[in-house]
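Hello,

Here is the structure we talked about. Please look it over before reading on.

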Amino acid sequence: MNFYQNLKMLVCTTLTLFVVGENHSQSKKNKKPNILFCIADDASMKSFGTYGDTFINTPAIDKLAKEGLTFNNAYNCNPKCAPARACLVTGKYSWQLKAATNHWPNFPEEFKFYPHLLMEKGYNVGFTGKGWGPGQYTGKYNPAGPEYSDIKLTPPHKGISNIDYAANFEKFLKDKGTDAPFCFWFGTKEPHRFYELDSWKKEGKKLVDAKVPPFYPDNVTVRGDILDYAVEVEWFDTHIGKAIKSLEKRGLLENTLVVISSDHGMPFPRVKGQIYEEGFHVPLIAYWKGKIQAGRTVEDFVNFPDIAPTFMEVAGYKPHKQMTGKSFKDILFSKKSGQVDASRDHVLLGKERHDIGRANEDGVNLSYPVRAIRNQDFLYVHNIKPERWPAGNPEYGFRNVDNSPTKTFLMNIKPESSDYRFYTLSFGLRAEEELYDMKNDPHCMVNLAQSPIYKELCKKMRAEMEKELTAQGDPRTLGNGDIFDKYPYTGRQFDYLTGKSVGFKKKIKH
């Protein structure tokens, strides 16, 4: 081979390598992003260090917040597992979801789910732990996607699930490979009850460190219960940290949007399932290395229906026409902190039937319908059927409140006790209208709605709320709200004569 032949071969080889390298670079550059959505089950916003907590250790999540974006005003639309998660997967407001507005529903077949939509576009999709639920759904896969929960571990405490969330995520990544982008729902079952009693002692925690909200008596029982809860929040954080390491190990972190949240507040009286601040104000943290500017915090109000259209747009697709939430992709990639979009100055919230155990002369298994509007300064609440018990009927054990040491203590407070106000705050009947000053009363302790000073404000906020609900086709606002009482309940049935559970009506898919 002569000099000119060698030169020709060298030039051809160099050009080939250049073209291959350029194509590989372009392929990597143009590859659609991955989406990792991490959702705790029953964790309050204030349980994470980035929101100012001082006694629950969440280093993995706090690191993502420090290097990413923290939303200070994220809300769940309806503070119970199934309806909140229904808003997430569909991109619709709770009152637009027919039976799925309720807890333990049959999810109507007509609705599309963003994980399934992305799967149709070629995304690898899966979930571990808890996806959408509890309730019934049609089709092969949970609305969150195909399940990856086979790998088990020995949990450190009895109340913790034996599902190894991080290992199942690792298996998903290994099985699916890196040829297609992925969308994964990382749903732990913690800190949902039950808790191993006094697990906090094994973890070396101290009663003095627990923070007791002002709507509970400050005692050993409540403090211990809160610390047992803290143990499970920290378990969630541990698995988030492991998931991030899996992404780093595979070189996927730079092309992955990581979002951290919880479906609603902690499983305690007056929080979970209730239209008060700690029940519906949720954590929302977004991290994307090199794409989301580190250290930002925003005040824009975002709601769970906004998440599905955001994920669709991040993946490069238009949100499905059913989605009525508004994408906040622009906020993710903005360089601003504070208020980015001036129009995001409030959210709407609501609930219908959660857990059964509420009855009166109108029937059984009734809802406790509420609609509310929250802006930067105030929370206005309209309890549409104030004659009904918000936590469920007392003779049936307040079934819309998870059983716990705190609940038991509160239920045993006698009317003659000076602490009886704590019982009333968690279980009592409520006024038709409630108004709270959120800057000075974040725990919603003083109802201002009856004060003449706030009469016009209540009227204005209710009008604004009902105008939007009417435009969104809310059956309750349009006068057909009793439909929510008529949808089947697929969970544990209840005998109202004996006050006992009578088994399951049908097999439940979680």
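Below is what was found in it.

This is a predicted model, where local features need pLDDT of at least 70, side-chain atom pairs count only at pLDDT 80 or more, and totals for chains, interfaces and linings use all residues. Residues are numbered from 1 along each chain as its sequence is written, and side-chain values use heavy atoms, without hydrogens and water.

α7 has 30 residues and reaches 44 Å from its first C-alpha to its last. Asn 219 caps its N-terminal end, with a side-chain oxygen 3.1 Å from the backbone nitrogen of Thr 221. Gly 251 follows α7, with a positive phi near 70°.

Now the charged pairs. The structure holds 28 salt bridges (a side-chain nitrogen of Lys or Arg within 4 Å of a carboxyl oxygen of Asp or Glu).

- Asp 42 and Lys 272 meet at 2.9 Å, N to O. They sit 230 residues apart and link distant parts of the chain. Asp 42 is buried at 0% relative accessibility, and Lys 272 is buried at 6%.
- Asp 306 pairs with Arg 344 at 3.1 Å. These two are 38 residues apart. Asp 306 is buried at 3%, as is Arg 344 at 5%.
- Arg 462 pairs with Glu 466 at 3.0 Å. Both lie in helix α13, separated by about one helical turn.

Best wishes

Technical notes. Helices (H or I, at least four residues) and strands (E, at least two) are DSSP runs, numbered from the N terminus. The expected span of a helix is 1.5 Å times one less than its number of residues. A polar contact is a pair of N or O atoms within 3.5 Å; within protein, one must be able to donate a hydrogen and the other to accept it, and residues adjacent in sequence count only if both atoms are side-chain atoms. Buried means under 20% relative accessible area, exposed over 50%, partly exposed in between (1.4 Å probe, protein chains only).
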